[in-house]
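Here is a short briefing for a reader new to this structure. Look at the sequence and the model, then read the points by topic.

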Amino acid sequence: AHSARLLVGLPLPFGVQGSATGVYTGRTPMERADDGSIVSMRDSFTRVDLRFARRLLDRALFSVGTDNLFNAQPARWADATARQLYLGVSWQLRPTGE
């Protein structure tokens, strides 16, 4: 029934932008009986995500991050909640100064 997200971003040395996001998802029903009543619930889940990004060459943005930094895995949640690391590159067609 409840969820929340808090994002904090800040500039870091060497032109790096950092951000930390806290995500809370409340308890949710897992199974319902034929009459609609709740048979089982999935526990609430809180995760912390980190991301660092730096612009290079005026058009390229390089990023690295992790979702679910502390690898929180409550019972009955899908494996997709496990910690994930990523690298990214994006390219703008026009320079940022235009």
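Five strands, listed as 5, form an open sheet in the order β1-β2-β5-β6-β7, with antiparallel pairing. Its edge strands are β1 (3-11) and β7, and each pairs on one side only. From one strand to the next, the twist averages 15°.

This is a predicted model: local features need pLDDT of at least 70, side-chain atom pairs count only at pLDDT 80 or more, and totals for chains, interfaces and linings use all residues. Residues are numbered from 1 along each chain as its sequence is written, and side-chain values use heavy atoms, with hydrogens and water left out.

**Terms for the sheet**
- Strands are DSSP runs (E, at least two residues), numbered from the N terminus.
- Two strands pair if DSSP finds at least two bridges between them.
- Axes are lines fitted to C-alpha atoms, and angles run from 0 to 180 degrees between N-to-C directions.

**Strand pairs**
- β1 joins strand β2 (residues 16-25) in the antiparallel sense, over 9 bridges.
- Within this pair, R5 has V23 in β2 as its bridge partner.
- The hairpin of β1 and β2 has 4 residues between the strands, and F14 takes a positive phi near 65° there.
- β2 also pairs with β5 in the antiparallel sense, over 10 bridges.
- Here T25 stands opposite F45 in β5.
- Strand β6 (residues 60-67) pairs with β7 over 8 bridges, again in the antiparallel sense.
- L61 faces its opposite residue, S90, in β7.

- Is β7 buried or in the open?
- Strand β7 (residues 84-91) has 8 residues and the number buried is 0, so it lies largely in the open.
- Buried means under 20% relative accessible area, exposed over 50%, and partly exposed in between (1.4 Å probe, protein chains only).

**D49 in β5**
- D49 is found in strand β5 (residues 45-56).
- D49 counts as buried because its relative accessibility is 8%.
- Which residues does D49 touch, not counting residues up to four places away in sequence?
- D49 touches S19, A20, T21, V23, T66, D67 and N68, where contact means heavy atoms within 4.5 Å.
- A polar atom of the D49 side chain lies 2.8 Å from the backbone nitrogen of N68.

Conventions: Polar contact = N/O pair within 3.5 Å; in protein donor to acceptor, adjacent residues only side chain to side chain.
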